[in-house]
Amino acid sequence: MALLRGVWGVLSALGKSGAELCSSCGSRLRFPLSFVCVPRWFSSTLGSYPKKPLSSYLRFSTEQLPIFKAQNPDAKNSELIKKIAQLWRDLPDSEKKVYEDAYRADWQAYKEEVNRIQEQLTPSQIVSMEKEIMQKRLKRKALIKKRELTMLGKPKRPRTAYNIFIAESFQEAKDASSQAKMKTVNENWKNLSSSQKQVYIQLAKDDKIRYDNEMKLWEAQMIEVGRNDLIRRKMKQRTKDGTGNVKI
């Protein structure tokens, strides 16, 4: 919820809603959390922007990784990166300076190219560019958040009766195309009797119980490790004591 409130606050600060912005150009940025329209011409403009140059360490790491991988073909990338990081730390300042000078030169060229492109943009195009950049940042932030929750073992959300039916039907129709499968599944679901649908409704209820139980355990673990920011608002309100502290 905190993430969604933050997203809404940013998008509200941008001004018009997606519907208002779309009235003139009929285009909307393809992003689930997007309430802001970005003109079609702008995606190509942003795509022509030069990429930021690699930092001195990343440049060194990019050069060294293929070498280390050839010398250690069975080693994991994470292990190789640790060795490269140690090698960088031990590198004499005179050798580091080569990479740092290269980074500064590339950064200067990058800034000049960005300035050249921006000088060709109209004020309205610059505003649109800023909005698309904001959308990309929000998308990246949401993706990082999702990966973090996956790494922390957050339970999967409960499935609906229809979703359970879809999963079961897709397993049975392996040879058909996805579009044909979906069409068939929709028709089959509509043709189910109330008693047949009740089987999937009960499975969905059982999955909801599974999710609630797993979430209680998971949130208790998050509280123990000091990640109260990941706790659902309802649980926070339910578990707060008089001092405002969260109890398990």
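This is a predicted model: local features need pLDDT of at least 70, side-chain atom pairs count only at pLDDT 80 or more; totals for chains, interfaces and linings use all residues.

Trainee: Which residues of H9 are buried?

Mentor: In H9, the buried ones are Lys-181, Val-185 and Trp-189. Take Trp-189: its relative accessible area is 16%, which is under 20%, so it is called buried.

Trainee: How do you know what length to expect for H9?

Mentor: H9 has 14 residues, and at 1.5 Å a residue it should span 20 Å. The C-alpha atoms at its ends are 20 Å apart, so the two values agree.

Trainee: What is Trp-189 paired with?

Mentor: Trp-189 forms an aromatic pair with Phe-165. Phe-165 is in helix H8 (residues 161–172) and Trp-189 in helix H9 (residues 178–191), so the pair ties together parts that are 24 residues apart in sequence.

Trainee: Why is this pair called tilted?

Mentor: The ring centres of Phe-165 and Trp-189 are 5.2 Å apart, with 50° between the planes.

Trainee: Is Phe-165 buried or exposed?

Mentor: Phe-165 has 5% relative accessibility; that is under 20%, so Phe-165 counts as buried.

Trainee: How many aromatic pairs does the structure hold?

Mentor: There are ten aromatic pairs. One of them joins Tyr-57 and Trp-88, whose ring centres are 5.9 Å apart and whose planes meet at 65°.

Trainee: What makes that pair edge-to-face?

Mentor: The angle of 65° is over 60, so the pair of Tyr-57 and Trp-88 is edge-to-face. The pair also links distant parts of the chain, with Tyr-57 in helix H4 and Trp-88 in helix H5 (residues 77–90), 31 residues apart.

Trainee: Why do Tyr-57 and Trp-88 get their accessibility labels?

Mentor: Tyr-57 has a relative accessible area of 25%, which lies between 20% and 50%, so Tyr-57 is partly exposed. Trp-88 is at 11%, under 20%, so Trp-88 counts as buried. Ring pairs also link Tyr-57 and Trp-88 with Phe-60 and Tyr-99 into a cluster.

Trainee: How do you know that Arg-59 is buried?

Mentor: Arg-59, found in helix H4 (residues 56–71), has 18% relative accessibility; that is under 20%, so Arg-59 counts as buried. Not counting residues up to four places away in sequence, Arg-59 touches Leu-54, Tyr-99, Ala-102, Tyr-103 and Asp-106.

Trainee: What makes Gln-64 buried?

Mentor: Gln-64, also in helix H4, has a relative accessible area of 15%, under 20%, so Gln-64 is buried. Leaving aside neighbours within four places in sequence, Gln-64 is in contact with Ile-84 and Leu-87.

Trainee: What does the secondary structure of the protein chain come to?

Mentor: Eleven helices and zero strands. Of the 248 residues of the protein chain, 27% count as buried.

How values were computed
Residues are numbered from 1 along each chain as its sequence is written. Side-chain values use heavy atoms; hydrogens and water are left out. Helices (H or I, at least four residues) and strands (E, at least two) are DSSP runs, numbered from the N terminus. Buried means under 20% relative accessible area, exposed over 50%, partly exposed in between (1.4 Å probe, protein chains only). Contact means heavy atoms within 4.5 Å. Rings of Phe, Tyr and Trp (its six-membered ring) pair if their centres lie within 6.5 Å; planes under 30 degrees apart count as stacked, over 60 as edge-to-face and the rest as tilted. The expected span of a helix is 1.5 Å times one less than its number of residues.
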